[in-house]
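Hi everyone, thanks for making time this morning. I'd like to walk you through one structure, so please have a look at it with me.

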Amino acid sequence: REGDERPEALPSGGSIKSELHVALEFFENSPCAQVFLDMDGAVRSANQTFWSLCGFDDGPDSEFHFQQSLTKGAAMFYENQLLPTLLQRGRVEGISLELSLPSGQQIPVFVNAVLRRGADGSSAGMFLAIFDATQRRLYEKELLRARKEAEHLSEVVRRSSDGILRLSQNGSIQSWNDGARRIFGWSDQEVLGRPITSLIDNDAVAEMHDAMALLGRGMQVVKELTGVRRDGSNPDLSITLTPHLEAPGILVAFSAIIRDVTSQKVSERALLQNEKLASVGRLASSIAHEI
């Protein structure tokens with residue numbers, strides 16, 4: 001420039017041409033679709049990625065408007081939402097649109113747009129960067145499916161009649177479900193943070209500690225122990241302990257599934273007593289016969 005006292009700071013003509021060549025090469029070979037539009041949506045310049053995304057090998061034979069590549073709903077959104085927002089703010093990012101290809105296929109895309117202004121400040125066009133969101137949509141659908149499955153599983157756990165507990169490495173209770181509350185009668189505030197042995201009868205605590213020691217070896221343990229309810233009664237419990245390990249085999253937590261088998265044990269004891277009485281009856285009958 002005239003009057004510049006540092007001409008050595010200016011790039012040479014060859015350097016300008018080289019940088020311009022790199023810029024043009026980047027535009028043409030950019031991994032995302034890039035396009036320059038007039039304010040009415042007419043395409044003035046676009047790279048090959050844009051045309052490929054829109055379903056053309058080398059671009060259309062006649063003037064092409066960006067709205068022509070959109071589904072009907074996306075075209076309405078483009079006219080009524082994207083353009084007014086862009087004129088107001090000068091930039092929009094992460095807008096979701098949907099392309100309609102000549103083959104009939106529909107492709108979801110994300111659009112970033114920047115308004116180009118002329119020397120007088122008027123709107124002179126738009127620069128758009130367009131990203132294929134097909135994989136992102138598939139990921140979102142998979143994430144939504146996984147979330148629904150997790151919610152269903154959580155609901156199953158919450159409503160299970162068995163007590164299901166999540167415990168820390170040292171055996172303190174981190175969470176439990178409605179089934180555990182019904183079995184023991186304690187509230188969350190009363191039990192969370194306490195050791196699982198606080199739910200076990202004193203005579204069975206040592207056996208519980210032995211079972212927990214086996215978890216560090218990656219073994220699942222099933223025990224039948226006597227528990228302690230809030231009202232002081234002692235239910236018969238079947239407890240399944242499952243370790244949760246992280247590489248290289250470090251115990252980080254474990255879970256417990258607890259089933260109240262008191263009624264089952266009562267029935268078993270009654271059946272055993274009946275069998276004993278039946279045996280005595282048969283013995284007495286045999287003796288009477290001999291006599």
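Let me start with a cut-off: a residue is called exposed when its relative accessible area is over 50%, buried when under 20%, and partly exposed in between. One caution as well: this is a predicted model.

Is Leu283 buried or exposed? Its relative accessibility is 53%, so Leu283 counts as exposed. You'll find Leu283 in helix α8, which covers residues 262-290. Together with Ile287 and Ile291, Leu283 makes up a nonpolar patch on the surface, and the three share about 360 Å² of accessible area.

On to the charges. In general, side chains of opposite charge can pair when their charged atoms come close. How many salt bridges does the count come to here? It comes to 16 salt bridges, and I've picked a few for today.

Take Asp162 and Arg259: their closest N and O atoms are 2.8 Å apart. Asp162 sits in the loop between α4 (134-159) and β6 (163-168), while Arg259 belongs to strand β10 (residues 250-260), so this pair ties together parts that are 97 residues apart in sequence. Asp162 is buried, because its relative accessible area is 13%. Arg259, at 46%, counts as partly exposed.

Next, Arg181 and Asp188 form a salt bridge at 2.7 Å, N to O. This one belongs to a network: through shared partners, salt bridges join Glu155, Arg158, Asp178, Arg181 and Asp188. Arg181 has 26% relative accessibility and counts as partly exposed; Asp188, at 25%, counts as partly exposed too.

Then there is Glu93 with Arg91, where the closest N and O atoms are 3.8 Å apart. Glu93 has 56% relative accessibility, so it counts as exposed, and Arg91 is partly exposed at 48%.

Let me finish with the sheet. In which order do its five strands run? The order is β7-β6-β10-β9-β8, in an open sheet with antiparallel pairing. At the edges are β7 (173-176) and β8 (221-226), each of which pairs on one side only. On average, neighbouring strands of this sheet are turned by 25° against each other, ignoring direction.

If you zoom in on β8, you'll see that six bridges join it to strand β9 (residues 236-246), and the two run antiparallel. Within β9, Thr240 is the residue that stands opposite Val222.

That's my tour, and I'm happy to go back to any part of it.

Terms used:
Residues numbered from 1 in each chain as written. Predicted model: local features only at pLDDT ≥ 70, side-chain atom pairs only at ≥ 80, totals over all residues. Heavy atoms only, no water. Patch = residues over 30% accessible without salt bridge, like charges linked within 9 Å, V, L, I, M, F, W, Y side chains within 5 Å. Areas by Shrake-Rupley, 256 points an atom, 1.4 Å probe, with all protein chains shown as cover. Salt bridge = Lys/Arg side-chain N within 4 Å of Asp/Glu carboxyl O. Helix = DSSP H or I, 4+ residues; strand = E, 2+ residues; numbered from the N terminus. Buried < 20%, exposed > 50% of the residue type's maximum accessible area, 1.4 Å probe, protein only. Pairing = 2+ DSSP bridges. Axes fitted to C-alpha atoms, helices over the stretch in contact; angles between N-to-C directions.
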